[in-house]
Amino acid sequence: MEEQKMSLIEHLSELRKRILICLAALVIAFIFTFSYSEYIFKLLLFPLEFTPQFSLKEGLVFVPDHKLHNTKLVFLGPAEAFWMNMKIALVSGFVLTIPVIFYQLWRFVSPGLYSHEKKYVLPFVLSATGLFLTGVAFCYLIVLPFAMGFLLNYKVGDFLMPMLSVGLYIDFLLKFLLAFGLVFELPILIVITTRMGLITPQTLKKYRRLAIVLAFVVAAIITPTPDAFNQTLMAVPMIILYELGIWVSIILNKKGKNDGGQK
């Protein structure tokens, strides 16, 4: 297949086209999610109402947190509730648009790929979307309930009553949901960088211990609570994803060599 080189202007024009498609998809998704923002808001109250518990007999169960169940959210400004709905709709729309964003990203970089690599568009979109949604779900079901239970109960006693601003609460949740979604893209990032030749699977294996330490450092920085348990909840998935990225990159590199690297 003859290689077609694009000029800088053509690259910028192509990038503009892909961004506009993503923005159009986001606007459509936003219009849809804004119509149901109050229902999405009720779903986001889950971390205040239930605490996950592990048991060998029943596995993962969600127990109602009676102490936090009656916690009321208030808004401190006339427009705070309105902007809360806007933020929920925007982030929810972004999540719905994730497959479109990854597909457009693939379309943008595909001219520089080998012909045998271009067929991986569907696995890339599905795996990247699946990893992002898995990160969001893990944060929503596990991390945030533990975090809210810790933050709203630690040294509170009977003399303090939590009264949360709805705007601050939603900001808190949405930031961590997006953060975990992005963190779970680590295997995709590893695969891309190894395929580009920036790093090798052997280098990743060599610095495995350093990666484990960095996982706990990053978890300590971005997790909402200072306790080791919640930090471990984020660090362990990062380590698993790091290992997954190494093995997937090894498999793809071997397959690429077997295919002969023809464009």
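These are my notebook entries on a predicted model of one protein chain.

**Ground rules.** I number residues from 1 along each chain as its sequence is written, and side-chain values use heavy atoms, with hydrogens and water left out.

**Overall look.** I counted 11 helices and four strands in the protein chain. Here helices (H or I, at least four residues) and strands (E, at least two) are DSSP runs, numbered from the N terminus. Next I looked up burial: 39% of the 263 residues are buried. Buried means under 20% relative accessible area, exposed over 50%, and partly exposed in between, with a 1.4 Å probe and protein chains only. I also checked contacts, meaning heavy atoms within 4.5 Å. Among those between residues at least 6 apart in sequence, 78% join residues at least 24 apart.

**Annotated spans.** The unreviewed UniProt entry marks residues 20–41, 88–109, 121–152, 172–198, 210–226 and 232–253 as "transmembrane region". I kept in mind that such positions are given in the numbering used here, feature names are shortened, and annotations may be inferred rather than shown by experiment. I then examined two of these spans in the model. Residues 121–152 are 97% helix and 0% strand, with end C-alpha atoms 44 Å apart. Residues 172–198 are 81% helix and 0% strand, and their end C-alpha atoms lie 35 Å apart.

**The second largest pocket.** What lines it? I found 13 residues, with I40, L44, S92, V136 and L177 nearest the centre. Helix 2 (37–43), helix 5 (80–109), helix 6 (121–151) and helix 7 (166–183) each give two or more residues to the lining. Helix 5 gives the most, with four. By class, I noted 12 nonpolar residues, one polar and no charged. In this scheme Ala, Val, Leu, Ile, Met, Phe, Trp, Tyr, Cys and Pro are nonpolar, Asp, Glu, Lys and Arg are charged, and the others, Gly among them, are polar.

N85 sits in helix 5. Is N85 buried or exposed? I call N85 buried because its relative accessibility is 18%. Not counting residues up to four places away in sequence, N85 touches F34, S37 and E38.

A25 belongs to helix 1 (residues 8–34). Leaving aside neighbours within four places in sequence, A25 contacts T97 and V100. I also compared A25 with L96: they are 71 residues apart in sequence and 9.0 Å apart in space, C-alpha to C-alpha.

L178 lies in helix 7. Its relative accessibility is 24%, so I list L178 as partly exposed. Beyond its neighbours within four places in sequence, L178 is in contact with V91, F94 and F132. The C-alpha atoms of L178 and L133 are 9.5 Å apart, though 45 residues separate the two along the chain.

**Helix 8.** In helix 8 (residues 186–195) I marked P187, I188, I190, V191, T193 and T194 as buried. Just after helix 8, G197 has a positive phi of about 85 degrees.

**Cysteines.** How many disulfides are there? Taking a disulfide as a pair of cysteine sulfur atoms within 2.5 Å, I got zero. I looked at C22 and C139 too: C22 is buried at 16% relative accessible area, and C139 is buried at 0%.

Methods: This is a predicted model: local features need pLDDT of at least 70, side-chain atom pairs count only at pLDDT 80 or more; totals for chains, interfaces and linings use all residues. On a 1 Å grid over the protein atoms alone, a cavity is a set of points where a 1.4 Å probe fits but cannot get out, and a pocket is an open set with protein on both sides within 12 Å along at least five of seven lines; lining residues have an atom within 4 Å of a point.
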